[in-house]
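Hi,

Here is the structure I promised to pass on.

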Amino acid sequence: MPLIEKIANQNGTIGVWELKETADDLLKTVELNPADTERLESFKTENRQKEFLATRILLQNLIPENTPTIHRDKFGKPSLINSDLNISITHSADLAAIILSDKNIGIDVEQRHRNIDKVVTRFACPAEIEFIEKSNDPQLVKILLWSAKEAIFKCCGIQGVQFNEQIKITPFDYNAQSNFSGALRHPDKEVSYELFFRIIKNNILVYCVQH
Ligand SMILES: CC(C)(COP(=O)(O)OP(=O)(O)OC[C@H]1O[C@@H](n2cnc3c(N)ncnc32)[C@H](O)[C@@H]1OP(=O)(O)O)[C@@H](O)C(=O)NCCC(=O)NCCS
């Protein structure tokens, strides 16, 4: 069972699954409701099916009794039915992860060596690009900033956020600390976030908690 990390702290509980098994094998270990079965059948690739199934298995692992079902709003943001907890979901090519919390949270995982050079100016402002370029590991910092902003986007619940102008990450010493901070400044919402990162099997996992 490749539940490779379970992190529980005051910010919530995170489960991380390594996508090793086939979709057929995953399907044997999870009970799906009719809506989830329909969604599973709509996916064209096995990878997408695996990501989806892994998130349901993670939820079953973290809440084994009376496991709630997941609803998605019209923008794709997930929430739990029959539970007061909030949920956020992410997947990369080889991992899937969920976070559950009574706080407002968001999570994102990206492969550490993914090439995102083409979109840097779309998600980072000039000061953040300087932070990336002056660091001793620009690739790591690039992915960290991108992932942090995706996590904040998932948490904030609003559409049409301009990542480079409306979400800012405060530079921090990523060699010495795993927590950092960010803020969303949008006409509809101004919020600060605490962020945390971990490196797991060549992936960078970032989650945020709204202040
Ligand atoms: C929706 C989005 C956040 C998904 O992120 P991603 O890195 O592509 O994919 P992830 O695997 O990390 O996350 C996927 C999960 O996010 C969740 N999600 C989708 N839309 C969401 C939303 N509007 N709010 C919160 N969560 C959302 C879903 O649970 C989804 O998993 P599921 O389809 O299995 O249920 C992303 O595609 C997006 O639209 N980002 C904003 C657009 C943008 O401006 N991006 C960058 C500018 S350079």
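D102 sits in the loop between β6 and β7 (helices, H or I of at least four residues, and strands, E of at least two, are DSSP runs numbered from the N terminus). D102 counts as exposed because it has 11 C-beta neighbours inside 10 Å; the cut-offs are 20 or more other C-beta atoms within 10 Å for buried, 12 or fewer for exposed, and partly exposed in between, with C-beta atoms placed from the backbone. Apart from neighbours within four places in sequence, D102 is in contact with D84 and L85 (contact means that the C-beta atoms, placed from the backbone, lie within 7 Å). Between D102 and I169 there are 67 residues in sequence and 24 Å in space, C-alpha to C-alpha.

Before you read on: this is a predicted model, where local features need pLDDT of at least 70, side-chain atom pairs count only at pLDDT 80 or more, and totals for chains, interfaces and linings use all residues. Residues are numbered from 1 along each chain as its sequence is written.

The chain splits into domain 1 (3-103) and domain 2 (110-210), with bounds from an automatic or database domain assignment. Their C-alpha centres are 23 Å apart, and 15 residues of domain 1 are in contact with 13 residues of domain 2. On the domain 1 side, β2 and β6 are the elements that give two or more residues. That side has seven nonpolar, three polar and five charged residues (Ala, Val, Leu, Ile, Met, Phe, Trp, Tyr, Cys and Pro are nonpolar, Asp, Glu, Lys and Arg charged, and the others, Gly among them, polar).

β5 pairs with β6 (residues 95-101) over six antiparallel bridges, and I89 has I98 in β6 as its bridge partner.

β3 (residues 69-72) and β4 (residues 78-81) are antiparallel over four bridges, and H71 is partnered by S79 in β4.

The other open sheet has five strands in the order β7-β11-β10-β9-β8, again with antiparallel pairing. β7 (105-111) and β8 (167-169) are its edge strands.

Where does the ligand lie? Of the 19 residues around the ligand, G76, K77, I89, T90 and K154 come nearest (a residue is near if its C-beta atom, placed from the backbone, lies within 6 Å). The elements giving two or more residues to the shell are α3, β5, α4 (120-123) and α6 (138-156). By class, the shell has eight nonpolar, four polar and seven charged residues.

Cheers

Methods:
Pairing = 2+ DSSP bridges. Contact = placed C-beta atoms within 7 Å.
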